[in-house]
Amino acid sequence: MPRPRSEDRRAAIMAAATGIIAAQGLGATTAAIAKEAGVSNGSLFTYFDTKADLLNQLYLELKGEMGAAALGGLPEADVRTQMLHMWSRWIDWATANPQKRRTLAQLQVSDEITASTHESAGRTMTGIGGILERSRANGPMRDAPAALVFTLCNALAEATIDYIIGDPDRADEHKQSGFDALWRMIG
């Protein structure tokens with residue numbers, strides 16, 4: 001009879017996978033992840049059928065967490081104010097969670113992440129996409145492909161995050177400068 005699944009163990013596996021992948025990359029073994037989580041390698045496969053399944057689930061969780069952070073407490077306001085709120089929350093999440101950010105970046109480009117997982121993650125980001133679409137509706141990027149605009153916004157966010165990590169004493173100033181550049185590009 002299989003052992004019942006524990007949400008605490010699953011969470012420990014996900015946290016361990018985040019840390020191990022951030023440190024070792026996607027080549028990290030499930031044995032290393034299981035050891036870090038304090039479970040046997042066999043127990044890990046009680047929760048995830050394969051390593052690819054673990055990676056896909058981790059990707060969905062991290063994207064969902066990032067999206068929830070970005071949209072949390074979204075004010076009923078004009079689109080620029082909403083975009084600034086979303087930007088600030090996104091930057092704050094990424095700078096507060098460097099391992100999650102690093103792991104998410106690796107998973108984003110992994111061939112192990114399936115098309116359906118990318119689609120599911122995209123659906124969790126619908127609110128972000130909606131604000132971005134409203135932000136660019138009358139701006140210079142209104143006719144550019146949405147995927148290109150999102151990629152440019154992400155690149156600007158990543159550069160801002162890196163700069164804040166390198167100069168944390170001026171984090172608020174850098175966050176505002178990044179947003180000002182973003183708004184000039186799309187707003």
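**Charges, helices and one serine**

Analyst: In the protein chain, the mean positions of the 19 positive and 22 negative charges lie 2 Å apart. Lys and Arg count as positive and Asp and Glu as negative, with His and the chain ends not counted; each charge is placed at NZ of Lys, CZ of Arg, CG of Asp or CD of Glu. This is a predicted model, where local features need pLDDT of at least 70, side-chain atom pairs count only at pLDDT 80 or more, and totals for chains, interfaces and linings use all residues. Residues are numbered from 1 along each chain as its sequence is written, and side-chain values use heavy atoms, leaving out hydrogens and water.

User: How many helices and strands does the protein chain have?
Analyst: There are 10 helices and 0 strands, both read as DSSP runs (helices H or I, at least four residues; strands E, at least two) and numbered from the N terminus.

User: Where does S135 sit?
Analyst: S135 is placed in helix α8, residues 126–136.

User: Why is S135 called buried?
Analyst: Buried means under 20% relative accessible area, exposed over 50%, partly exposed in between (1.4 Å probe, protein chains only). S135 has 4% relative accessibility, so it counts as buried. Of the 187 residues of the protein chain, 40% count as buried.

User: What is S135 in contact with, beyond its neighbours within four places in sequence?
Analyst: With heavy atoms within 4.5 Å as the criterion, S135 is in contact with V79, M83, W183, I186 and G187.
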